[in-house]
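Hi everyone, thanks for coming. Let's have the structure up on the screen, and then I'll walk you through a few places in it.

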Amino acid sequence: MAVKKTTATPKATENNTDEEVTTKEEKAVKTENTASETGEETQLVYIGPSLPKGQLKSNTIFAGTREDIMKNIAGITEKIPLVEKMFVPVSELADKKQRVKTEGNIYNKFYKDIASAATKLLEEE
C-alpha cells in the first residue's frame, strides 16, 4: 500500500511574515514551472478560472511541450500574465486543485487575481 506524503503549508510565525511565506511559495511555483520546461512532450491542465468569451476554460488539458503550449496562449498571457502559472502537469492535478481551494496558498491567490483581472478586462471591452 502506497503512502502519500503530504506537506503542511508554512504559516507565518514570529520569525516569518505573511509576505515571506508567500515569497517562498512563489519561488516554489516558479521552480516547479521551470522544471517542466525541458522540451519534453507533456500534458498540462489549466486550473485557473474560466476566462470570458471562451478564451480559456478551467480544467482544459493541453498536450505538447510547455513552450508550444505557452505559444498557443500567448495572446491571453499578454493580457493576464499569471495565467501561465496555473498550468500544472496532469500527474499533480489533484494536489494543485486542492491548493487552489486553500485560503492563503499561492495558487489560491493566483486564481483570485486572474479572476479579478479577467473581470476588469471584460468591463473595459
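I'll take the sheet, then the loop residues, then the cavity and a helix beside it in my list.

Some ground rules before we start. This is a predicted model, so local features need pLDDT of at least 70 and side-chain atom pairs count only at pLDDT 80 or more, while totals for chains, interfaces and linings use all residues. Residues are numbered from 1 along each chain as its sequence is written, and side-chain values use heavy atoms, with hydrogens and water left out.

We have three strands in an open sheet, ordered β2-β1-β3, and the pairing is antiparallel. The edges are β2 (61-64) and β3 (87-89), each of which pairs on one side only. From one strand to the next the twist averages 35 degrees. As for the terms, strands (E, at least two residues) and helices (H or I, at least four) are DSSP runs, numbered from the N terminus; two strands pair if DSSP finds at least two bridges between them; and angles run from 0 to 180 degrees between the N-to-C directions of axes, which are lines fitted to C-alpha atoms, for helices over the stretch in contact.

Let's look at one pair up close. Strand β1, residues 42-46, joins β2 in the antiparallel sense through four bridges. Thr-42 has Gly-64 of β2 as its bridge partner, and Leu-44 stands opposite Phe-62 in β2.

On to the loop between β1 and β2, where Lys-53 is found. Asn-59 has its place in that loop between β1 and β2 too. Most residues other than glycine have a negative phi. Lys-53, though, has a positive phi near 60 degrees, and Asn-59 has a positive one near 70 degrees. Lys-53 is exposed at 62% relative accessible area, and Asn-59 is partly exposed at 42%.

Another loop, between α4 (93-101) and α5, holds Asn-105. Buried or exposed? Asn-105 is buried, with a relative accessible area of 6%. Its side chain reaches the backbone nitrogen of Tyr-107 at 3.0 Å.

Next, the cavity. How many are there of 30 Å³ or more? There is one, and the largest cavity holds about 70 Å³ of space. A cavity here is a set of points on a 1 Å grid over the protein atoms alone where a 1.4 Å probe fits but cannot get out, and lining residues have an atom within 4 Å of a point. Points are joined across faces, edges and corners, and the volume is the space filled by probe spheres set on them. Helix α5, residues 106-124, gives the largest share of the lining, three residues. Among the lining residues are Lys-53, Ile-80, Leu-121 and Glu-125.

Last stop, helix α5, where Ile-114 lies. Ile-114 counts as buried, at 0% relative accessibility. Its C-alpha atom is separated by 8.6 Å from that of Leu-51, 63 residues apart along the chain.

That's my tour, and I'm happy to take questions.

Key
1 Å grid on protein atoms, 1.4 Å probe; cavity = no way out; pocket = protein on both sides within 12 Å on 5 of 7 lines; lining within 4 Å. Buried < 20%, exposed > 50% of the residue type's maximum accessible area, 1.4 Å probe, protein only. Polar contact = N/O pair within 3.5 Å; in protein donor to acceptor, adjacent residues only side chain to side chain.
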